[in-house]
Amino acid sequence: MSTTTLEQPPAAEAAIQSFTVTFLIRRFDPDVDTEPRWQDFDVEMYATDRVLDALHKIKWEQDGSLTFRRSCAHGICGSDAMRINGRNRLACKTLIKDLDISKPIYVEAIKGLPLEKDLVVDMEPFFASYREVQPFLIANSKPESGKERVQSIAKREIFDDTTKCILCAACTSSCPVFWTDGQYFGPAAIVNAHRFIFDDRDDAANVRLDILNDKEGVWRCRTTFNCTDACPRGIEVTKAIAEVKQAIMRGKP
Amino acid sequence: MSVIEAPRSQARPARKRGLNLEKWGWIYMRASGVVLLVLIFGHLFVNLLVGEGVKAIDFGFVGGKWADPFWQWWDVAMLWLALIHGANGMRTIVNDYTNPGTAQKVLKGALFLAATVLIVLGTLVVFTFDPCPAGSPADLLPSFCPAV
């Protein structure tokens, strides 16, 4: 409240309040365990701390064997996607103040990909379907010597949303269709195909549309919007998939 | 000079050309859904709200409706669209909850069989329905049948 801050001089900066937060982490050590098990940790946290800070505190101060991926720790590299309280989130972008700390916070690895250890999964199936949509520029035209291919702002705008993908797999591993048999391309691969399908400098849109017209392609999307909800970059994933469906029906982007 | 092998070889063979049933199935679900909305609510409105309402429904009411080709075609369209829509929806659920193999084939076969039998039987009944079949004993016929 503004009145209390006025009465108390800023010099009397009281220690910022911290909370004891309980984390329930789904552990799995392939050398010892046959089944994953839940282990709880109590961590002293500030409201502005992130779940990743809690994992660091656990690993550095309580149990060094806790295994998880993280690289940049600032929501760009996409290494630390995990299931926090049942929702796929980046640990480095989930603040303690946004979680209900009166109850334990559940942290587990993302679903639908083979579990390797604790919070680490095998990302290979995910990247395999990413590679299959040929996520690179295929251009038949040659740009003017010494110049780049020119693109208007409006043409860039069409696929702007899908360029934001960081390949964290939060969307694909939140998709119930992907959970079933893992054959579905998954939202992330379709998002990255979308990024090139709707790029007017690219000439292989029809190749990618053919790939996604597959039995396990866009038609398996059940528009549950789990992916849109999970995306830490705020990409409208389901909308992008719908645009690819429309493009396949038109036969061109 | 050695050439580095192309790293981006396709893992999944490209789809064969021709009719794509998954795509047409998807389009069918949307199209039939919209048509069914009209057909089903029209059906409910006419049967339950118009005139005497729900109390009017009896053997004679159905017989009267199926004497009119308009309602015959309405009901047959509803039968075909709804059963194929439902069976295809069940097929996607089977795809989601079972792994490819015998069990999946059996389930899909059962769905196909059930839908086919119901469609054929339903179509036959709607178009050949006769409330007063000739040569039946009079006590089994509804009261509105002309006395023979």
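## A buried alanine in chain A

Ala240(A) is buried, since 25 other C-beta atoms lie within 10 Å of its own, and the cut-off for that label is 20 or more. Do keep in mind as you look around that this is a predicted model.

Where does Ala240(A) sit? Its place is in helix H9 of chain A, which covers residues 237–250. Leaving aside residues up to four places away in sequence, Ala240(A) touches Asp161(A), Thr162(A), Ile190(A), Val191(A), His194(A) and Ile235(A). Thr228(A) is twelve residues from Ala240(A) along the chain, and their C-alpha atoms are separated by 9.7 Å.

## An exposed threonine in chain A

Now turn to Thr20(A), found in strand E1 (residues 18–27) of chain A. Is Thr20(A) buried or exposed? Thr20(A) is exposed, because 9 other C-beta atoms lie within 10 Å and a residue with 12 or fewer gets that label.

Thr20(A) has contacts too: with residues up to four places away in sequence not counted, it touches Asp42(A) and Glu44(A). Met45(A) lies 25 residues from Thr20(A) in sequence, yet the two are 6.1 Å apart in space, C-alpha to C-alpha.

## Annotated spans in chain B

For chain B, an unreviewed UniProt entry lists residues 27–50, 70–88 and 109–129 under "transmembrane region".

How do two of these spans look in the model? Residues 27–50 of chain B are 96% helix and 0% strand, with end C-alpha atoms 33 Å apart. For residues 109–129 of chain B, the figures are 95% helix and 0% strand, and the end C-alpha atoms lie 29 Å apart.

How values were computed. Residues are numbered from 1 along each chain as its sequence is written. Chains are lettered from A and ligands numbered from 1 in the order in which they are written. This is a predicted model: local features need pLDDT of at least 70, side-chain atom pairs count only at pLDDT 80 or more; totals for chains, interfaces and linings use all residues. Helices (H or I, at least four residues) and strands (E, at least two) are DSSP runs, numbered from the N terminus. Two residues are in contact if their C-beta atoms, placed from the backbone, lie within 7 Å. UniProt positions are given in the numbering used here, feature names are shortened, and annotations may be inferred rather than shown by experiment.
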